[in-house]
Amino acid sequence: MAPINTKLRRAFIVVDAVIGILGIIWLVLSIFKHGAYHSDPQTDALIGLQTFSVMYAIGIGIMALSAVALYGILKEKQWALIVFCIGMCVMTLLFLVVAIPSTIASNKTELFLTAVFNDLPLNNASEEVQEEIEYYQTAFQCCGFQNGHSDWDFIPESCVCSSPEPSMNCAPVTIEQEEVWVYEEACYPYMLASVRSDFQVLAGVSFSYALSVILGLALAIAILCRMRRKTITPPVTFTTHSSDSRYTELEATA
């Protein structure tokens, strides 16, 4: 087995450490994202447990394979690097399983939002959906899903303009002979941009992780090829005859 090039070894250790850290980050983000979606049964049912199961498998698999690869490079174990290569091929396929649907979903965000917020008026929707829409109303100074305040059977506090000004896109609404200024713009454009951004970030992160995994896979294959190369040692022969030598043997005289 030929010795591993020092620069190649160090490069692989750095890339392997990066891959392990990315695996930890991926797993943490998956847990937080699943918790956020699980609070809304409609959203959780739309995305599905299968997607999050794949995301969990990716995070745990990357961390385990990173540890195996580190052991293989430090102890120069070929089997460990072979396991890493096979595992990274599987991880790349799983990344594509997550990235490609996310890219497609980013182009179907309108259908996604309509499926979640289709229960009108909004006060008949689930508590989680109402909290979500009220968050957007407060953060972006908008009201309702697509039809403004008419999406509600009442005017929530988050729809009321704090200080009515023309620049705030506020409009007067008469309720029980009382004039109330509410935000005129619906929240749909802001929700569309936010959800689409989530899908695009997920797709971008998945493709970025896939590139890191491919780089680690290429380095591991290069190291395996180096390790499997046989070291050729030239034979050394000894002779007691000095006929072919350029030197003459000196003998001590009595």
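**Notebook: cysteines and rings**

I started with Cys143 and Cys159, which form a disulfide with sulfur atoms 2.1 Å apart. I note that the model is predicted. The torsion about this S-S bond is about 90 degrees, so the link is right-handed. Both ends sit in the loop between helix 6 and strand 1, 16 residues apart. I found Cys143 buried at 0% relative accessibility. Cys159 is buried too, at 0%.

Next I looked up the other cysteines. The count comes to three disulfides. Cys142 bonds to Cys187, sulfur to sulfur 2.0 Å. Cys142 is in the loop between helix 6 and strand 1 and Cys187 in the loop between strand 2 and helix 7, so the bond ties together parts 45 residues apart in sequence. Both Cys142 and Cys187 are buried.

Cys161 is joined to Cys170 at 1.9 Å. I read a torsion of about -110 degrees there, so this disulfide is left-handed. Counting bonded cysteines along the chain, I get the pattern 1-6, 2-3, 4-5.

Cys85 is buried at 9%, while Cys89 is partly exposed at 40%.

Then I turned to the rings. I counted seven aromatic pairs. Phe145 and Tyr188 have ring centres 5.4 Å apart and planes at 85 degrees, so they pair edge-to-face. Phe145 lies in the loop between helix 6 and strand 1, Tyr188 in helix 7, 43 residues apart. Phe145 is buried at 3%. Tyr188 is buried at 17%. I also noted a cluster of Tyr135, Tyr136, Phe140 and Tyr190, linked by ring pairs.

Technical notes
Residues are numbered from 1 along each chain as its sequence is written. This is a predicted model: local features need pLDDT of at least 70, side-chain atom pairs count only at pLDDT 80 or more; totals for chains, interfaces and linings use all residues. Side-chain values use heavy atoms; hydrogens and water are left out. Rings of Phe, Tyr and Trp (its six-membered ring) pair if their centres lie within 6.5 Å; planes under 30 degrees apart count as stacked, over 60 as edge-to-face and the rest as tilted. Helices (H or I, at least four residues) and strands (E, at least two) are DSSP runs, numbered from the N terminus. Buried means under 20% relative accessible area, exposed over 50%, partly exposed in between (1.4 Å probe, protein chains only). A disulfide is a pair of cysteine sulfur atoms within 2.5 Å.
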